[in-house]
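Please consult the sequence and structure shown here while reading.

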Amino acid sequence: MDQEKLRTILQIGETIAVEFKRCSNRIENDVYQSVCSFLNRFGGDIYLGVEDDGTVCGVPENAAGDMVKNFIKIISNPNMFTPTIYLSPEIIKYEGKTIIHIHIPVSAEVHSFKKEVYDRVDDADVKVTATAQLAMMYIRKQNRFTEKQIYPYISLEDFRLDLLPRIRKMATNNIEGVHSWESMSDEELLRSAGLYGKDRATGESGYNLAAVMLLGKDDLIMDICPAYETDALVRRINVDRYDDREIIRTNLIESYDRLMEFGRKHLPDKFFIEGVERKNLRNIITREMIANTLIHREFTSSYTAKFVIEKDRMYTENANRSSGDGIITPDNMEPNPKNPIIASFFRNIGWSDRLGSGVRNIFKYSKYYSGEEPEFIEGDVFRLIVPLNEDYSYDNVKNGDKKTAIKNGDKKTAIKNGDKKISKKTIQNYKKILEFMEEGKEYTIQDFCNLLNLKPSRTKELLKALTQDIEQIGNNKNRKYRLK
C-alpha cells in the first residue's frame with residue numbers, strides 16, 4: 001500500500017469503511033465481528049496494529065505471519081463463518097512498525113460469525129437481532145428489483161381500471177401531444193408500462209408488484225404487502241403525538257393525491273416569481289418529496305413510511321434498498337433506480353422527472369422557501385429533510401450578474417432579472433387573480449379583464465405566467481381557467 005495513502009487514512013480515522021484494531025500477538029473476536037459487518041454492508045478495510053485514534057502501535061513482526069495464517073483458517077471454517085469467505089491480508093511496514101491490512105469486499109451474501117450477524121453502522125459493528133433489520137439486510141443483498149416479482153394469479157379485475165382514463169389524459173398532457181397510451185386498451189396499457197412481465201428464472205408470467213402498488217385495489221395491496229402504509233403527521237403543537245394525522249394504505253396514484261393535499265393543507269404557500277413566471281414553492285418541494293418516497297420505497301419491508309410536518313422542518317422516511325450510506329448532495333449523488341418500472345410510470349404522467357432531478361430541485365427551491373438547504377440521508381431507511389421557517393421571506397438572491405430583490409412585507413415588490421423588470425403593479429395583478437379565484441370554479445378571460453380593468457391581450461399574458469397555479473380548459477373562444 002502507498003505510504004501517503006495510508007498516512008491520509010490514519011489522519012481521517014475510523015469511518016463506516018475503515019476500522020483500526022490494536023493487536024498484540026493474536027487476533028481477537030472483535031476483528032472477525034468487523035469482518036462480518038463489512039461483508040454485510042459495503043465492504044471496507046481493517047488495519048491491525050493501530051489505535052482507535054490512528055496512532056500506529058504495530059504488531060509483533062515475528063508473529064505477523066502466524067496471525068495471518070490463523071486469520072485465514074478462522075474465516076475458512078464453516079463452524080465460525082457462514083458462509084465462509086476467502087481474504088488475503090497484507091503485511092506492511094509503516095514508519096518502522098508492522099501493520100496487517102485486511103481488505104474486505106462487499107458480499108452478495110448475508111454472513112454470520114459464531115451464528116451471530118453483524119452490520120456496520122457509522123464506525124461501529126452492531127449485532128443484528130431484530131427480524132426487520134435482518135429482512136432489510138437480505139433486501140440490500142438482492143441482485144434483482146422486487147417490483148418485478150410476478151404474481152401469476154392476479155387478473156385485470158384486481159386493478160383500479162377506473163383510474164386509467166385519467167392516467168391517459170395526464171400522459172397526453174405531459175408530452176403536449178398524443179401519447180401512445182391513448183389508443184391502447186387497458187390491458188395493452190399495463191403491458192406497455194412494464195406492469196406485466198415474465199420471470200426468466202421460473203418461466204412464470206403475470207402482473208408484477210409494480211402493477212399491484214400503482215393500480216391495485218386496496219384489498220389486493222393488503223394481501224401482498226400487509227405492512228404497506230404511509231403515515232402522514234403534523235407535529236407542531238402536540239409534538240409527542242400529533243395535531244393532525246392521515247394513514248394512507250391505497251395505491252400509489254391515490255396516495256400521491258392524498259399526500260399532496262395533506263401538504264397543501266398544512267404548509268404555507270409563499271409567493272415567489274422566477275424570471276417572469278410565478279412558482280409555487282410549496283407544491284414543487286412537496287411534489288419532489290412525495291414522488292421520491294413513493295417511487296423509491298422498498299415495498300416488501302415492514303418499515304412504515306412517514307411524511308411528517310413539524311414547526312421547523314418536514315421530512316419523509318421510507319425503507320430503502322441502499323447502495324451506500326451517508327449524505328447525498330447534488331455534487332456527490334450517483335442516481336440509482338430502486339423501482340425503475342414505477343419511476344418510468346410516474347415520469348410518463350408528469351409526476352417526476354429524470355433520475356436525480358428531484359435532488360437538484362429540492363436543493364434549489366428549499367433555499368427560496370426556507371432559506372436553508374435540505375438533507376438527503378442514504379441508508380436502509382432513506383430520509384429526506386427540508387427545513388421550514390414560516391417567518392422567512394425570500395429577499396435577495398444573487399445568481400451570476402442577475403439580481404433578484406423581493407420585498408413582500410409592505411407589498412413594495414420589485415423584481416429585476418437581467419434587462420427585464422416586473423413592476424409593482426404586475427405583482428399586484430398576479431395576487432389579485434389568485435385571491436379572486438375560488439377552488440372548483442371556472443372563469444373566462446372577460447372575468448379577469450373586468451377584475452383588472454385590462455385588455456384581453458394583457459390579461460392573457462398575466463394568466464400565462466401563473467401556469468403553476470392555473471390550468472386552461474377548452475380552446476379559443478370557449479377557453480376557461482380554474483385553479484389547479
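The model is predicted: local features need pLDDT of at least 70, side-chain atom pairs count only at pLDDT 80 or more, and totals for chains, interfaces and linings use all residues. Residues are numbered from 1 along each chain as its sequence is written, and side-chain values use heavy atoms, with hydrogens and water left out.

**Overall form**

The protein contains 15 helices and 26 strands; helices (H or I, at least four residues) and strands (E, at least two) are DSSP runs, numbered from the N terminus. Its C-alpha atoms fill a box of roughly 95 × 60 × 40 Å along the principal axes. Of its 484 residues, 47% count as buried; buried means under 20% relative accessible area, exposed over 50%, and partly exposed in between, with a 1.4 Å probe and protein chains only.

**Salt bridges**

Side chains of opposite charge can pair when their charged atoms come close. The structure holds 38 salt bridges, a salt bridge being a side-chain nitrogen of Lys or Arg within 4 Å of a carboxyl oxygen of Asp or Glu. Three of these pairs are listed here.

| Pair | N to O distance |
|---|---|
| Glu4 and Arg7 | 2.5 Å |
| Arg7 and Glu95 | 3.8 Å |
| Glu317 and Arg383 | 3.1 Å |

Glu4 and Arg7 both belong to helix α1 (residues 3–12), where three residues, about one turn of the helix, separate them. Arg7 is partly exposed at 26% relative accessible area, whereas Glu95 is exposed at 59%.

Because Glu317 lies in strand β17 (residues 313–319) and Arg383 in strand β20 (residues 381–387), the pair ties together parts 66 residues apart in sequence. Glu317 is buried, with 11% relative accessibility, and Arg383 is partly exposed, with 31%.

**Selected loop residues**

Asp122 occupies the loop between β7 (117–121) and β8 (124–128) and is exposed, with a relative accessible area of 57%. Lys455, in the loop between α14 (445–452) and α15 (456–464), is likewise exposed, at 64%. Ser352 sits in the loop between α11 (340–348) and α12 (357–370), but is buried at 10% relative accessibility.
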